[in-house]
Amino acid sequence: MLEHLLSRTDRSLLGRWWWTIDRWTFLCIFTLFIVGIFLSFSASPSVAHTIHLPTFYFVQRHVIFTFLSLFLMVGVSLNNPNLIRLLCWLILGTCIVMLMLTPIIGMEIKGARRWINLFGFSLQASEFVKPTFAVATAWLLSKHIDGPLSGRMLSVLLYASILLLIIIQPDFGMAFVITGIWFFQFFLAGLPLMWVSVLSSVGLAGSIGAYFLFPHVASRVDRFLNPAAGDHFQIERSLQAFRNGGWFGRGPGEGLVKKNLPDAHADFVFSVAGEEFGLFACLFILGLFLFFILRGFYFAHKEHNSFLSLAISGLFFQIALQAIVNISSSLHLIPTKGMTLPFLSYGGSSLLSIGLSAGILLSFTKKRLDDKHI
């Protein structure tokens, strides 16, 4: 362990980093990344075989992106919150421009334009909006900005602009996460009860409107409410995986259902864990997420700086919400939604985005003597 390599008197950059970060959070994040690699070996080969790619094509890419994410996490967490805040504004501005360009030059996959091809890499800009938006919104809500537009109103305009660009793609899962982040942070910042009622009504109206305006949304809701309304192939296979797994699973690589799940390495990686490693493995994964989330809200609660408290809350809420949606979809508790499981699912943009989020969290929760400059 690093404790044996770095003494408390080590004043190097890495030494100061190791003795100031929350090592329990770091260990939990690192464990989740390792579990993701482990599950990639189980879930990815069958997917690669189905689409006639080399057996370990997705495994190799998952490992590469995981290590890049870990490198990004450590690199970001070495910086102070002030610098990270500026970096987030820069990334968010760049991502907004890319979101504007995505409907024009983006690649269409399964009827949606969410990816831009950059130097041979398919980048989903909205993935990087999530953590940077949480930081930007936290700063706006924590500052009393002079002028005709208050910090609250600026956060509303920022949220509305990003939401519109994401709906155009369309990506309602991402729109739901962005909305959740903004509403949660706004609520913590002292959202009046009247606003709660108004915004809840707007959200309900938007959900109803999406059902009637977008056929694929209506199809997923109908299939969830009425099993006879359409094709249930993926969710039936997912539930079958959990039934096959039982308490202890069929064993690594012995799963059968993953061969019929086109997104077994991404959206349904939790189902693969259930079939091959059983209920106890699933509970272990849930325990890691629960510990990670509770640890985050503990730091948010004890933090006295309003910007850091709101940012930490938003970032942890983002990861929690995404995990809940993915796992609930796999268990057919909610309508299916193509959303990755943080740290575990395959996806370059998703893994790099979660690495960025984790790095920001490790920086914002570090021990520091003075935060008056933030």
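View 1. Excluding neighbours within four places in sequence, phenylalanine 58 is in contact (heavy atoms within 4.5 Å) with Ser40, Ser44, Val47, Ala48, Ile51, Leu53, His265 and Tyr346. Phenylalanine 58 lies in helix α4 (residues 57-77); helices are DSSP runs of H or I with at least four residues, numbered from the N terminus. Its relative accessibility is 8%, so phenylalanine 58 counts as buried, the term for under 20% relative accessible area with a 1.4 Å probe and protein chains only. Alanine 43 is 15 residues away along the chain, and the two C-alpha atoms are separated by 9.3 Å.

**View 2. The largest nonpolar core.** A nonpolar core is a set of buried Ala, Val, Leu, Ile, Met, Phe, Trp, Tyr and Cys residues joined through side-chain atoms within 4.5 Å. The largest one has 86 residues, and those with the most contacts inside it include Phe133, Ile162 and Phe292. Helix α13 (residues 306-330) supplies the largest share, 13 residues. A second, separate core of 11 residues includes Val47, Phe58, Ala241 and Tyr346.

**View 3. Helix α6 (residues 125-142).** Of the 18 residues of α6, 17 are buried, so the helix is largely enclosed by the rest of the structure. At proline 131, α6 bends by about 30°, the angle between axes fitted to the seven residues ending there and the seven starting there.

**Notes.** Residues are numbered from 1 along each chain as its sequence is written, and side-chain values use heavy atoms, with hydrogens and water left out. In this predicted model, local features need pLDDT of at least 70, side-chain atom pairs count only at pLDDT 80 or more, and totals for chains, interfaces and linings use all residues.

How values were computed
Buried < 20%, exposed > 50% of the residue type's maximum accessible area, 1.4 Å probe, protein only. Helix = DSSP H or I, 4+ residues; strand = E, 2+ residues; numbered from the N terminus. Expected span 1.5 Å × (residues − 1).
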